[in-house]
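Colleague: I am new to this structure and would be grateful for an explanation of the terms applied to it. May we look at it together?

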Amino acid sequence: MPAPIRLRELIRTIRTARTQAEEREMIQKECAAIRSSFREEDNTYRCRNVAKLLYMHMLGYPAHFGQLECLKLIASQKFTDKRIGYLGAMLLLDERQDVHLLMTNCIKNDLNHSTQYVQGLALCTLGCMGSSEMCRDLAGEVEKLLKTSNSYLRKKAALCAVHVIRKVPELMEMFLPATKNLLNEKNHGVLHTSVVLLTEMCERSPDMLAHFRKLVPQLVRILKNLIMSGYSPEHDVSGISDPFLQVRILRLLRILGRNDDDSSEAMNDILAQVATNTETSKNVGNAILYETVLTIMDIKSESGLRVLAINILGRFLLNNDKNIRYVALTSLLKTVQTDHNAVQRHRSTIVDCLKDLDVSIKRRAMELSFALVNGNNVRGMMKELLYFLDSCEPEFKADCASGIFLAAEKYAPSKRWHIDTIMRVLTTAGSYVRDDAVPNLIQLITNSVEMHAYTVQRLYKAILGDYSQQPLVQVASWCIGEYGDLLVSGQCEEEEPIQVTEDEVLDILESILISNMSASVTRGYALTAIMKLSTRFTCTVNRIKKVVSIYGSSIDVELQQRAVEYNALFKKYDHMRPALLERMPVMEKVTTNGPTEIVQTNGETEPAVLETKPPPSGLQPGSQCNKDTGAGGSMLNLQKSLCLDVMEMTSVMLRMVSRFCKSPDHYFFSAGIPSITAYNKNGLKIDFTFERSNTNPSVTVITIQASNSTELDMTDFVFQAAVPKTFQLQLLSPSSSVIPAFNSGTITQVIKVLNPQKVSDSENS
Amino acid sequence: TVRVSWPCGGCSGRLRQQTWKIHFILLFSRQGKLRLQKWYTTLPDKEKKKIVREIVQIILARHQKTSSFVDWKDLKLVYKRYASLYFCCAIEDQDNELLTLEVVHRYVELLDRYFGNVCELDIIFNFEKAYFILDEFIIGGEVQDTSKRSAVKAIEDSDMLQETVEEYMNKPAF
């Protein structure tokens, strides 16, 4: 049997393959040879064969049949075998294969081997991939090695201990005695890994943290020595002595100084020293400065030190190195809440970063910019941010638009400016605006009573040229439906009123209805708008009637239903039409459950929807709730669709009211109104049951019951209702604001609607 | 955007664990060929392959004039190109990116010290040595030694322990 080919030769051969198929053939041939060699239990060349297998594994080919062979290599007495065996174990095995446990005994023996390099291999393997079971079995050995005087082993044992603690936190206690003298070491490797170990323990246990606080003076001393010491070739990086150790010490100091006045006081001087004396010409110095800044900001430092830190970040912002700028923006984002004024001073530099080429820098600059907007700078900032919205990548547009809306709402200097800003966003990034922005904007516009004429005119002009941007078209349709009378009568005061006829308005609305680009929802808006105009326009009512009747046979069920009901309104309830379609009243501010609230104007570093909100009660921390298919995803969809359904609810209410409008006598004295399911979508179901009030026959008592068949509880559930002016509405308190999941409970709420007996035709306001 | 959470193989317990370890290190060529992969978290093989493909694509598409940092899932990728090889480290969101650049640089220096004027071919033909050196520098995603010399010395001493010298020559000629 010829010796199997050597590793390097195999590599050379495989590299000559010109196609993927050729390579695959070579690999298969070699794998077959290796397999038979394994079967023959060849001890001499096992090592060579496994090494080759590892190479092929890296190329992407399966190598699981070599797993047991790795174990055999580890058990061998030969160092060459062990080296490859342990490497193979780390590459091919992990805790998910039961076979890995077979390693435990070998590792245990090797941890006690006479050769330190064998011990090193064992420690390394355990520290990289040891499972919880292995860690439990071998923790004692690791603890022993943590106390050895051999620094080569001690440093590895420390990191191994870190891994053990990460896998089996309960074992942390047993390492405590061994940590006693760790910081007395001169060896930098041991020092570094000791600091890592101490950091891990302090992060995991408040008791440990309290216990190790007494190390602060020693840590400060070590750091000082590092800075003051002369040149040490072994640990020097561009004139700085052991930056890795410096950073880890700074980090440990941060953890120890957090929320503790005394510790923070004790490290004050050294932090100031590092902050002022560190060389900033190279990346390594800036790495240390960065860590120093993070520490200063996190502990209870005095204000002078904090200002020093912010100024370092300010200087970072001006650095040519993009990496430094990136890091500065990230840190400023973290501190903008607590040190708002200090960060404001760097506002113009931050705004300049909006124009950077790097996507990550742009994103951070955008988030930071929103955090810095206030009443004083809002005009200038919005100008920059609108410009940014115009030119930025699509992935930013939605967040930027939401951010602008929020900031505008908070700090708008005037209503006109507010409307103009909204218009600008809708026209620049109209298709990226979030769905829930539409109802929010509609509400805003409704409440800006004196701006109605101006708003509808501007919106009309905006969609004349282009009605492809759905959110823009939806808002515009709604406004035209509401304020179309102002539009044709040319009542605008803010700017030159345009001349537009009723027919022209209907033209555009009908174009939207017909257009391929219009989403179903948008069509709904357009149709309802057309209907509303029947009470606001004087010359074109017949045209409107015609349009409405055409859509009575639309394929789109939603449109069809609306059209049929509007038709009914024309035919049978024409006397009710003005009342039903009159101007919407000023709406009370609704706190939405939707995504608008999470936009990053308050400087949080986590803009994602599901991360900033506390998880709903049904969610487990370990579950993959953020996956698209998981519960969290459907929560987001539900919120979105609830917002979309604002209009649908209005439609439902119209229908509801129309039922009341039938002669009250007819209905109330007969069998009673049958209960209906007013809403049933995405797991949320709302049922209405009706009763006549005992005390007043004009009052109908509606009991709503909301149930939830999804896997998550629905919190902050608020039911709102609106009725035309002729009716009176009373909403009693709901039973709760949380609908439990899995239909395990309901929210009940009572609504009383008063319908005065006489409804006159002339009522029209 | 919804952030996908990253399974942290080495941590248990708190949801927002503050660890600073490196999650994985990848070395790949400009054509996207993998030269080294070191994982400090537990993942199925299939998942690893998918991740490697994804990350290689992201980094190879990066413009010259961008920063060395990429937000990816809830980790950060720190990468740097040395000649024809990309070195990529995945760190936690809270970790110090600038220091990670230094970690990468130190690894390159160690390779250079061992191989003498290291190039991609050295890594290809001696991939196991590249792993050995890495394992002397980093354990469990944490740096174990900050000295420039001791890691290389340990490997050289270990080489001497090998029983069959002809099998693994230190600096093979090819």
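Modeller: Buried residues make up 61% of the 174 residues in chain B. This is a predicted model, in which local features need pLDDT of at least 70, side-chain atom pairs count only at pLDDT 80 or more, and totals for chains, interfaces and linings use all residues. Residues are numbered from 1 along each chain as its sequence is written, chains are lettered from A and ligands numbered from 1 in the order in which they are written, and side-chain values use heavy atoms, with hydrogens and water left out.

Colleague: Why is Ala476(A) called buried?

Modeller: Buried means under 20% relative accessible area, exposed over 50%, and partly exposed in between (1.4 Å probe, protein chains only). Ala476(A) has a relative accessible area of 0%, and is therefore buried. Ala476(A) belongs to helix α26 (residues 470-488) of chain A, where helices are DSSP runs of H or I with at least four residues, strands are runs of E with at least two, and both are numbered from the N terminus.

Colleague: Which residues does Ala476(A) touch, not counting residues up to four places away in sequence?

Modeller: Ala476(A) touches Leu459(A) and Ile463(A) on that count, a contact being heavy atoms within 4.5 Å.

Colleague: What makes Asp261(A) exposed or buried?

Modeller: The relative accessible area of Asp261(A) is 54%; this value is over 50%, so Asp261(A) is exposed. Asp261(A) is placed in helix α14 (residues 261-277) of chain A.

Colleague: How many helices and strands are there in chain B?

Modeller: Chain B has five helices and seven strands, and along the sequence they follow the pattern β-β-α-β-β-β-α-α-α-β-β-α.
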